[in-house]
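Me: I would like to go through this structure feature by feature. Please give the general idea before each case.

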Amino acid sequence: MNEFTLDLNQRPRRNRKSATVRALVRETEISVKDFVYPVFIMEGENKEEPIPSMPGMTRKTVDVLLKEIEECVALGVKAIAPFPSIAEEKKDHKGSESYNPNGLVPTCVRAIKEKFPDVVVMTDAALDPFNIDGHDGIVAENGEILNDETVDVLCKMAVCHAKAGADFVCPSDMMDGRIGAIRSALDAAGFTNTSIMAYSAKYASAFYGPFRDALDSAPKAGDKKTYQMDPANRREAIREVALDINEGADIVMVKPACYYLDVLREVADFSEVPVAAYQVSGEYAMLCAAAENGWLDRNRVILESLMGIKRAGAKMIWTYFAKEAAKLLQGES
Ligand code: PBG
């Protein structure tokens, strides 16, 4: 007998006593199948440019992306979300380039689906990369972001992406009523099998900074607070999610992820459709920066951050770490 023994019938540490026991009792698993990999594309051929605020991520032409997708597929990363960097001279005040059938996004979708029919392609529906004003919607002369006029353009954009073969269109603009309108437009054009992933609870976050650097898409004036959600609000996320589900969303999203895990949990408990979370550019940049300085253990924080997001209720995770995490998970098993 030890000299000092607590009289405990519960010793939670027994369930942590070996790696095998820990694996048996583990409540949450992350898998490469959970990942959606966001990528940045640009026009041209055989070009790739680094994005300084997102170390390791680049803007690349479609031919270069196709080579990367080969690598993704080998790793088991099979959902790709391309975001376009559009030349300044193609931008206007109405984002017309967004529904050009020969534009960068539809061209990219066709190229991916032709070479990798099983890869799931998720396209972004929002005007910011195409709009001279850098806003997700059409900007009126008085600075107002016009809701219904914007939704009209989003519908054209969604049908254009569906025609190119997109598996999902993903409205990230936060206009009211866009999910229902896009669903009707897709159905009317015969695309009843094209899915909608709605950025339902998308907050007006400072964590999107590096993404806007990547696409040179920051708003020229004002901010996005009249359409993206106030970071202070939790119940409003449920309202947005409920509306999007009623309007026909197949999957709803919470974004950003790690600073909004309470929202994610609440949405996951409420939602009858699967929930996605987006680990955004700023979350990626922070972890990279700390790891580069030797302040955090890169491999461990990548997996821990993804685990936290999954545990909070995400079924799938959009993450710039998709490839790296896939490699780490292979090493674990
Ligand atoms: C734009 C859009 C943004 C992101 C995805 N789609 C930026 C924004 O709303 O300003 C952010 C993604 C990220 O930061 O990784 N519709």
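Reply: The expected span of a helix is 1.5 Å times one less than its number of residues. Helices (H or I, at least four residues) and strands (E, at least two) are DSSP runs, numbered from the N terminus. This is a predicted model: local features need pLDDT of at least 70, side-chain atom pairs count only at pLDDT 80 or more, and totals for chains, interfaces and linings use all residues. Residues are numbered from 1 along each chain as its sequence is written.

Me: What span should helix 9 have, and how far apart are its end C-alpha atoms?

Reply: Helix 9 (residues 281-292) has 12 residues, so at 1.5 Å a residue it should span 16 Å; its end C-alpha atoms are 16 Å apart, which agrees. Just after helix 9, glycine 294 has a positive phi of about 80°.

Me: Which residues of helix 9 are buried?

Reply: An α-helix has 3.6 residues a turn, so residues three or four places apart point the same way. A residue is buried if 20 or more other C-beta atoms, placed from the backbone, lie within 10 Å of its own. In helix 9 these are Ser281, Gly282, Glu283, Tyr284, Ala285, Leu287 and Cys288. They pack against helix 6 (209-215), strand 11 and helix 10 (298-311), where contact means C-beta atoms, placed from the backbone, within 7 Å.

Me: What covers the buried residues of helix 3?

Reply: The buried residues are Leu104, Val105, Pro106, Cys108, Val109, Ala111 and Ile112. Their cover includes strand 1 (35-42), helix 2 (62-75), strand 4 (79-85), strand 5 (120-125) and helix 4 (147-164).

Me: How should I read the two faces of strand 10?

Reply: In a regular strand the side chains alternate between the two faces of the sheet. In strand 10 (residues 251-255), 5 of 5 residues are buried. Ile251, Met253 and Lys255 lie on one side, with Val252 and Val254 on the other.

Me: Which strands pair with strand 10?

Reply: Two strands pair if DSSP finds at least two bridges between them. Strand 9 (residues 195-202) pairs with strand 10 in the parallel sense over 5 bridges, with methionine 197 bridged to isoleucine 251. Strand 11 (residues 275-279) is also parallel to strand 10, over 3 bridges; there valine 252 stands opposite valine 275.

Notes: A residue is buried if 20 or more other C-beta atoms lie within 10 Å of its own, exposed if 12 or fewer, and partly exposed in between; C-beta atoms are placed from the backbone. Two residues are in contact if their C-beta atoms, placed from the backbone, lie within 7 Å.
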